[in-house]
Amino acid sequence: MGASDRRIAALLRQVATQDVVELRQEMAVAKRVAAQAYVAEQYGFEYGEARREGHNKQVLAVYLYRDPRPEARAREAATIAAYPQAGMGGAVPGLKPGTLSPLPEAETAVALMKDRIGYDVMAKAADKGQKRFAYAMTGVAAAVFLLMGKWVEGVAVGAVLAAFLVGAFRLSDVRRQRVADRLTAGGFTAVTDEHGRRRFLRPGQQLPGHANPFTHRP
C-alpha cells in the first residue's frame, strides 16, 4: 500500500469513527489535503475551517464535520456501496488509483475545495489582530535601535519594515480577492462569521454552530 493509500485509509478510519475529521498537511502541498477533504465530503462530511498550526505555522490543519442532513447520509451510503474497497487499496471516489490526484470529473470540485481552504487561511492571516501584531513587532524592532542610541538605523528599520508589511498585506488582499472571485463563480456565497471574517459557503449552508456544526436553512 502506497503513501496515498495510507492517507486515504487513515482518513476513512476517522470518517467511520468520528464526527469531526482533522486533516494535517504541509502548507506547500495544500492540494493533497483538498483532495482528501473532497473524499470526506463524499462520505457525508462538510468542510468547516482551515488554519495554520504547528511550529512556525507551517502545518495546514483542515477540519470537516459530519453533516446530519438526510441527503448527506444518503450520499455516504451510496459512496460506501459504490466503493467497497476504498481505504484497502481499491478505488476511491473522485481520485486516480493509488494517488491523491483528482479524476477529470472531480478536478473542479477539488480546485474549489483548495480555494476555500486557501481563502480561510489567508483571511485569518489578514485579520486586524494579526496586522496589529505585525506592526507592533515592527515598532519593537525600531525601538531596540533607538534605545541603543542608533537613531538613523532605528528610523530606517522601522520605515523599511512598515513598507514591507504594507506591500505584503496589499498583495495578500489581491490574491484573496482572486480566490473569492473564483469561489463566487463556482456558486459559493460570501458570509461574515462571528469574528468579522468573510467565509464562503454553499447556498443555504450556515456557519458551524455549537450543537450542530452544519445546520442548514430550510
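## Contacts and cores

Leaving aside neighbours within four places in sequence, Leu64 is in contact with Asp19, Val20, Val21, Leu23, Ala37, Ala40, Glu41, Phe45, Glu46, Tyr47 and Gly48; contact means heavy atoms within 4.5 Å. The model is predicted, and local features need pLDDT of at least 70, side-chain atom pairs count only at pLDDT 80 or more, and totals for chains, interfaces and linings use all residues. Residues are numbered from 1 along each chain as its sequence is written, and side-chain values use heavy atoms, with hydrogens and water left out.

Leu64 is also among the residues with the most contacts inside the largest nonpolar core, together with Leu11, Val39, Val62 and Ile117. That core has 30 residues. Two or more residues come from each of α1, β1, α2, β2, β3 and α4, and α2 gives the most, with eight. A second, separate core of nine residues includes Leu112, Met122, Phe188 and Phe200. A nonpolar core is a set of buried Ala, Val, Leu, Ile, Met, Phe, Trp, Tyr and Cys residues joined through side-chain atoms within 4.5 Å. Buried means under 20% relative accessible area, exposed over 50%, and partly exposed in between, with a 1.4 Å probe and protein chains only. Helices (H or I, at least four residues) and strands (E, at least two) are DSSP runs numbered from the N terminus.

Helix α1 (residues 3-17) has 15 residues and reaches 22 Å from its first C-alpha to its last, close to the expected 21 Å; the expected span is 1.5 Å times one less than the number of residues. Its buried residues are Ser4, Asp5, Ile8, Ala9, Leu11, Leu12, Gln14 and Val15. Their cover includes β1 (20-26), α2 (30-42), β2 (45-53) and β3 (59-66).

| Residue | Relative accessibility | Class |
|---|---|---|
| Asp115 | 12% | buried |
| Glu107 | 41% | partly exposed |

Asp115 touches Val179, Arg182 and Leu183, not counting residues up to four places away in sequence. The C-alpha atoms of Glu107 and Ala35 are separated by 9.1 Å, with the two residues 72 apart along the chain.

## Cavity

The structure holds one cavity of 30 Å³ or more. About 40 Å³ of space lies in the largest cavity. Among its lining residues are Asp5, Ile8, Gly90 and Lys96.

A cavity is a set of points on a 1 Å grid over the protein atoms alone where a 1.4 Å probe fits but cannot get out, and lining residues have an atom within 4 Å of a point. Grid points are joined across faces, edges and corners, and a volume is the space filled by probe spheres set on the points.

How values were computed
1 Å grid on protein atoms, 1.4 Å probe; cavity = no way out; pocket = protein on both sides within 12 Å on 5 of 7 lines; lining within 4 Å.
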